[in-house]
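Have the model open as you read, and take the points in order.

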Amino acid sequence: MDTRGCYVYRYRNMYFAYHRLYDSYPEGLGVEMVQCMRLPLAITKKQQELEEILDWLDYQSFPQSFDDLTIFDQRSRSDMDYDIDAEFFYEIDLDHNIFRVNGIPFYSLECLPEPEDFPEHVSKDHYYNLACAPGCPPKHKYKRPAAPVVDDSKLETYQSLACTGPRAALTDLLGIPDISSTVEQVRVSLLEMLIGQCMIEEIVQVGKLICEFEFISNDNQLTDDEWSTAYSLVNIAFAPQIFDVHSVFIDPPKMSRKEFTWVREDIVVCLATHLDDERCLQASVSRLIESILEERDAPGDYFGVAFSVSHCAVVKVVKGSDVYTTTFSHTAALQFLPSLFAESPCTPGITALARLARRIDPALFVRVSQIWRGHKKKDMRRIDHQKSFAPEGTIDAPPSVSCAALPLELWQEIALHLDLQDVLTLGLVSKLCRESASMVLRYPHVRGYRLVAVSNDPPPKDLLQRSRILQSASFYATRAGIPATVFLGEREVTLKTMGLALHSWGTVSLPLHTKRYREYLPIPVSGTVQPDRAWGVRKAWQHRY
């Protein structure tokens, strides 16, 4: 069979890739590789062979190609991963003694299964990604490496300040009720769906990313591509919750890699490793505290998020006038990503970040204005016309026009009945109007519809399948006073086979920062009305009356 593939040996952080034009499926090349590595002294002999090749190359520049062999180093690994044209590739990692399939750790090289059993172990997880089958005997499965040793100097900040809660509940850190509000439930469900969509997307390669975090001792060892993908996952929670077609957004600037990223004025994020190890957790908390104390002068409450893809931890720093009056508290390490074989999309980490991101953000209106281009040219002309009459800095600072004739509550009620584009226009009028517009923008919006509650309608029978529960969600929504039900995450063809009375709205775009691929991940959207119907109904009503 013409199944292209390759097999790769990793040794001393160098990669030796041999290409195969045929029979690379698990029953073919996969079985051969297991047989080869089960031979007596196979690991030692292969190490000696690769050592001789490296001596012969004598530190030449990489990558190097010789017929069907390509040799590349750790720095060019990401580029070569994308360039390998293979349906299956098998990696013999001699640095960690691991047998990988398509980058996913399967076995320990010291305890490989019988070759004929290998094809049965090549399976798919609940997100349709290649994975080692749960039925694989534990003695053969890859064992997660131990956490790195943390030097005492990394814990000095943690131990020198007053910790008021070493494993505090998130509700205590945020001062919020244990039971989520309706809008918080919307944000949690939406984030669960978006993370589920990322986990089924091949370009994200979540399973491989999790493993890379397990093998490194700090985030500096990540490739730029891995860093960007990991940051994209955590940033989904904190980005403005406005989801629409790609054309309405201003393309995001190219991300610069930094140790600490301030996603809001009061929230800083850093990537970390092995958060489920106590000392690694404390070291990450120390790093976040140091960043907050160095970069924020004003006393007040600040938050930090340590993120390792599989886990996250939230830190609260109450900054006083000096270090002696500064205190901190933090959560335990919270599972963020669902298990690859999960039955539910819910995790404590997703809930924690969604509720943290729900905190009032004084700069929300400005942040939305920085990414929103608008649907129609005439809408942009209207915004540009208003900007031309406003003093410089009006968009970044609340306007000074007074609208005291109407109370805030009435302006908020008006804003709730406006189309999203008009909400943004309203925010340019006065401080009071901007506050009302910001209140509306705290709701997630999909194709102009404001999501107001998680749908409690019983899902269709077909949607009870596990895979669809993990990657889709439905919400009650409204646009310009017209109610609708919005369904996210399921393809139109699937919805038609279910016989649902939904209209396809195409897709909305989820920004993702990766080195090689598109910057927007398409999420399928459908609803009980056409996406432009609410605007048309409102215009018809205005014309009639």
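1. A quick word on labels: helices and strands here are DSSP runs, numbered from the N terminus, with a helix needing at least four residues and a strand at least two. Also keep in mind that this is a predicted model.

2. Let's start with the largest pocket, which has a volume of about 930 Å³. Its lining is made up of 36 residues, and the closest to the pocket's centre are Tyr-231, Asn-235, Pro-252, Ile-371 and His-513.

3. Which elements supply at least two residues each to that lining? They are α9 (224–238), β11 (242–243), β12 (261–264), α12 (364–371) and β22 (503–511). The top contributor is α9, with 6 residues. By residue type, the lining splits into 21 nonpolar, 8 polar and 7 charged.

4. Now for the interior. In soluble globular proteins, nonpolar side chains tend to be buried together. Here, the largest nonpolar core has 69 residues, and Ile-195, Phe-238, Val-309, Leu-353, Val-486 and Leu-488 have the most contacts inside it. Helix α7, residues 182–200, gives this core the most, with 9 residues. There is also a second, separate core of 35 residues, and Met-33, Met-37, Ile-92 and Tyr-107 are among them.

5. Setting aside neighbours within four places in sequence, Val-309 is in contact with Leu-209, Ile-210, Phe-213, Ala-230, Leu-233, Phe-336 and Leu-337.

6. Move along to His-311, which sits in strand β15 (residues 311–319). Is His-311 buried or exposed? His-311 counts as buried because its relative accessibility is 17%, and the cut-off for buried is under 20%. The side chain of His-311 makes a polar contact of 3.1 Å with that of Ser-310. Not counting residues up to four places away in sequence, His-311 touches Leu-275, Asp-276, Ala-306, Ala-333, Leu-334, Gln-335 and Phe-336.

7. Last stop: Ile-350, in helix α11 (residues 348–357). With a relative accessibility of 0%, Ile-350 counts as buried too. Among the residues it touches, leaving out those up to four places away in sequence, are Val-188, Leu-191, Glu-192 and Ile-195, as well as Gln-335 and Phe-336. Pro-338 and Pro-345 also touch Ile-350. Where does Cys-312 come in? Ile-350 and Cys-312 are 38 residues apart along the chain, and their C-alpha atoms are separated by 8.8 Å.

Note on methods: Residues are numbered from 1 along each chain as its sequence is written. This is a predicted model: local features need pLDDT of at least 70, side-chain atom pairs count only at pLDDT 80 or more; totals for chains, interfaces and linings use all residues. Side-chain values use heavy atoms; hydrogens and water are left out. On a 1 Å grid over the protein atoms alone, a cavity is a set of points where a 1.4 Å probe fits but cannot get out, and a pocket is an open set with protein on both sides within 12 Å along at least five of seven lines; lining residues have an atom within 4 Å of a point. Grid points are joined across faces, edges and corners, and a volume is the space filled by probe spheres set on the points. Ala, Val, Leu, Ile, Met, Phe, Trp, Tyr, Cys and Pro count as nonpolar, Asp, Glu, Lys and Arg as charged, and the others, Gly among them, as polar. A nonpolar core is a set of buried Ala, Val, Leu, Ile, Met, Phe, Trp, Tyr and Cys residues joined through side-chain atoms within 4.5 Å. Buried means under 20% relative accessible area, exposed over 50%, partly exposed in between (1.4 Å probe, protein chains only). Contact means heavy atoms within 4.5 Å. A polar contact is a pair of N or O atoms within 3.5 Å; within protein, one must be able to donate a hydrogen and the other to accept it, and residues adjacent in sequence count only if both atoms are side-chain atoms.
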